[in-house]
Amino acid sequence: MNVSTLLAGRRFESTPVHVSGVALLLVAAGMAVSAGVALIDGGGGALALAASAAITASAGSAMMGSTTASDRSDSPLAFASVAWAWLAVSIAGTMPYLFSGVIGWSEADNALFESVSGFTCTGATILADIDGVAHGILFFRSMTQWFGGMGLIVLAVSVLPALKVGGLELIANEAPGPTADRFTPRIAATARRLWMLYSGFTVAVALALLAAGTSLFDAVAHAFTTVATGGFSTHSASIDFFDSLAVELVVIVGMIACGASFSIHWHTIMRTRSRLRGYSELRWYLGLIGGAAIALLVLNSGKLDLGQNIREAAFYAASLGSNTGYGLTDYTHSPFWTPSAQIVLLALFLVGGMTGSTAGGMKVLRLQIVARYAVREVIRARHRRAVLPMRIGDTTVAEDVAARALGFVLLYLGLALAGGVLMTALGNDLETGFSGAVSAIGTVGPALGEAGPTSSALAFERASRPVMMVLMLFGRLEVFPTMLMFVAAMRAGTRSRYGRQAAQRGPRRLTRRETHASTRALKRQSAGE
């Protein structure tokens, strides 16, 4: 008799715990697959992965079997479900690193950092010698980003009918942005189609990398992290390890495609009419990447030869414009990269990809809204009585959507600033600390200063890495869901406390008005009989 059977008769309602249990079961399946890869490879790590899978599956079964999901549609509850599930899988994800000895038990905080960086698709790593790690562990490490890219909760909605009421809110939280989009009227069908599309992109990138000359293991692992715009590589030198223009071109196309909205991809493939606002955002997104590439080309001209300059400019514009974070050369210590070019990269850290994509950052749509809002206010200063609706493409942006976007941007920048102050206060130099905070909340991975693309997160002071973990969670799950996870928990505690107090007091005495109303109702009922 398993744990879920024992607890079946004593189930209590808790959507966050229930969803976390489902997420843990899915991660356990990924650990089991990775254990199989380790057995086939023979490089070690199979036992550690199998033990991790067993423990994670047991915990997930207990959490899922002892709880039920709520039937009410409640945004704070949906936010809390997403955030707590992410925290649960991040903690579970530390076990393969610790059990295999890749990271020592005395450095458990580093194992948590690696796990959080994986599931949030940040790509910052504390592994100094990635090439020396067993393939099974590296496969699981890449799979954490693949799970985190589209979102475990989207998969949970597609397989968990109990979430049919709040499912759309969960999907919206996993595909962050001012508005949500549906492919079909049914939420579970929408989630399944998202994963079908996501899996199709993964297979396409893996086949393209194979054709470009990589090994099967490298092709699959990099397909996971390219489609997730995560940036984990199986080599310390990242994409520069392959020294192949063909591999770089495949990765560039994959990063740009997956930094774009999956809604647009779906409507393009199905040849259905999508919202024109999405295509306006797509033009901005491609324009930002193209403009950044041209800016890098100009700013580094005369330092690099033309061919290498074009190659690096295109690669880093795509890698950091989509918040993937793959590395090619060390732009922080290279004498050929100018400080002004590095500022362009820092701006890309902040913006990120499109809404409805796997990329992090503020999102291009919010940048559009803020830009339109600023222009409108300048015009309104001259023409105070003018009615000036904000339009993106052929869509009018509602005032409440614009207000949420502006509020988000202010909170986002405020968190980045506060994180930068904490990072420098905890021992990092100014450039490394502030760029590390911006990189963490933008889920980019590499930063500036001592934490460039060929460095590891060991360049940051150990005491400052927990700050980065918090910023990663805020960046991946966005500001509002992460804040509301605590609000929902506090509200649940308050309800529970008031409920206990009411039970201790006994039944509430009726007021005189309530007593008279009850008496009149009884008299009418008697007269009717």
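This is a predicted model: local features need pLDDT of at least 70, side-chain atom pairs count only at pLDDT 80 or more; totals for chains, interfaces and linings use all residues.

Colleague: What describes two packed helices?

Modeller: Two packed helices are described by the angle between their axes and by how far apart those axes are. Here, helix H18 (residues 399-425) packs on helix H19 (residues 430-441) at about 140°, and their axes are 8 Å apart.

Colleague: Are H18 and H19 oblique or roughly antiparallel to each other?

Modeller: Angles over 145 degrees would count as roughly antiparallel, so H18 and H19 are oblique to each other. The crossing of H18 past H19 is right-handed. Among the residues making the contact are Tyr-412, Gly-419 and Gly-420 of H18, and Gly-433, Phe-434 and Ile-441 of H19. Sorted by class, the contact has eleven nonpolar residues, four polar and no charged ones.

Colleague: How do H17 and H18 cross?

Modeller: The axes of helix H17 (residues 364-382) and H18 come within 9 Å and cross at roughly 105°. An angle from 65 to 115 degrees counts as roughly perpendicular, so that is the label for H17 and H18. This contact includes Arg-366, Tyr-373 and Arg-376 of H17, together with Glu-399 and Phe-408 of H18. Its residues divide into nine nonpolar, no polar and three charged.

Colleague: What does the side chain of Thr-67 reach?

Modeller: The Thr-67 side chain reaches the backbone oxygen of Met-63 at 2.6 Å. Beyond its neighbours within four places in sequence, Thr-67 contacts Arg-11, Phe-12, Ser-14, Val-17 and His-18.

Methods:
Residues are numbered from 1 along each chain as its sequence is written. Side-chain values use heavy atoms; hydrogens and water are left out. Axes are lines fitted to C-alpha atoms, for helices over the stretch in contact, and angles run from 0 to 180 degrees between N-to-C directions. Helices (H or I, at least four residues) and strands (E, at least two) are DSSP runs, numbered from the N terminus. Angles under 35 degrees count as roughly parallel, over 145 as roughly antiparallel, 65 to 115 as roughly perpendicular and the rest as oblique. A crossing is left-handed if the near helix is turned anticlockwise from the far one by less than a right angle, and right-handed if clockwise. Contact means heavy atoms within 4.5 Å. Ala, Val, Leu, Ile, Met, Phe, Trp, Tyr, Cys and Pro count as nonpolar, Asp, Glu, Lys and Arg as charged, and the others, Gly among them, as polar. A polar contact is a pair of N or O atoms within 3.5 Å; within protein, one must be able to donate a hydrogen and the other to accept it, and residues adjacent in sequence count only if both atoms are side-chain atoms.
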